[in-house]
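Let's take a friendly walk through one protein model. Keep the sequence and the 3D view side by side as you read.

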Amino acid sequence: MKHEILILVNSLEECRYFYRETLQLGEPVTDSSELAEFKLGENVSLVLEECLAKYLEHTSGATSWVIETGNFDEICGNLKKLGMLSGDEFIRKGRRAQKAHDPEGNPFILTGKIN
């Protein structure tokens, strides 16, 4: 069974760069002028899809997603420099966790191993 996390974005170019470089997801496995798909696991992908609809309200959505990284401190440091962290670090399911958002305000939680 294949699973996708779909994030609608206004600027695919800006968000593609953020997810590829800042979150260190690497090159998209599918990349076009309409969408970018990043492989997160064997059967899980993160898909950015360009949507120019005016009604999108990124920060007020009830949905968020969680991604674990081996570079927690480095990525959190980069997100902090960009002003994209929210609140203090906390523990979530036995992992270090930090709330953050992408350039358009789409929320997510970054997690990493406790040292």
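A residue is called buried when its relative accessible area is under 20%, exposed when that area is over 50%, and partly exposed in between, using a 1.4 Å probe and protein chains only. Helices (H or I, at least four residues) and strands (E, at least two) are DSSP runs, numbered from the N terminus. This is a predicted model, where local features need pLDDT of at least 70 and side-chain atom pairs count only at pLDDT 80 or more, while totals for chains, interfaces and linings use all residues. Residues are numbered from 1 along each chain as its sequence is written, and side-chain values use heavy atoms, with hydrogens and water left out.

**Helix α2**

- Helix α2 covers residues 72–81, and its buried residues are Phe72, Ile75, Cys76 and Leu79.
- Looking down the axis of α2, these buried residues fall within an arc of 100 degrees, so they line one face of the helix; the arc is that of the directions from the helix axis to the C-beta atoms.
- The buried residues of α2 pack against α1 (12–22), β6 (85–92), β7 (95–101) and β8 (107–112), where contact means heavy atoms within 4.5 Å.
- Just after α2 comes Gly83, with a positive phi of about 75 degrees.

- Two strands are said to pair if DSSP finds at least two bridges between them.
- Strand β5 (residues 66–68) pairs with β8 in the parallel sense over three bridges, and Glu68 stands opposite Thr111 in β8.
- β7 pairs with β8 in the antiparallel sense over six bridges; Gln98 has Leu110 in β8 as its bridge partner.
- β7 and β8 form a hairpin with five residues between them, and Gly105 in the turn has a positive phi of about 95 degrees.
- What does Leu110 touch, leaving aside its neighbours within four places in sequence? Leu110 is in contact with Ile67, Thr69, Phe72, Ile75, Cys76, Leu79, Arg96, Ala97 and Gln98.

**The open sheet**

- Four strands form an open sheet in the order β1-β4-β3-β2, with mixed pairing.
- β1 and β2 (30–31) are the edge strands, each pairing on one side only.
- β1 and β4 pair in the parallel sense over seven bridges, and Leu6 has Val47 in β4 as its bridge partner.
- As background, side chains in a regular strand alternate between the two faces of the sheet.

**The nonpolar core**

- A nonpolar core is a set of buried Ala, Val, Leu, Ile, Met, Phe, Trp, Tyr and Cys residues joined through side-chain atoms within 4.5 Å.
- The largest nonpolar core has 22 residues, of which Tyr19, Leu23, Leu48, Leu79, Phe108 and Leu110 touch the most other members.
- The elements that give two or more residues to this core are β1 (3–9), α1, β3 (35–41), β4 (44–50), α2 and β8.

**Aromatic rings**

- Rings of Phe, Tyr and Trp (its six-membered ring) pair if their centres lie within 6.5 Å; planes under 30 degrees apart count as stacked, over 60 as edge-to-face and the rest as tilted.
- The structure holds four aromatic pairs.
- The rings of Phe18 and Tyr19 have centres 5.2 Å apart and planes at 85 degrees, so this pair is edge-to-face.

**Cysteines**

- How many disulfides (pairs of cysteine sulfur atoms within 2.5 Å) does a search of the whole structure find? The search finds zero.
- The sulfur of Cys15 is too far for a bond, because the closest cysteine sulfur, in Cys51, is 12 Å away.
- Cys15 is buried, with a relative accessible area of 0%, and Cys51 is buried too, at 17%.

**Two positive phi values**

- Most residues other than glycine have a negative phi.
- Gln24, in the loop between α1 and β2, has a positive phi near 60 degrees and is partly exposed, with a relative accessible area of 30%.
- Lys93, in the loop between β6 and β7, has a positive phi near 55 degrees and is exposed, with a relative accessible area of 73%.

Conventions
A disulfide is a pair of cysteine sulfur atoms within 2.5 Å.
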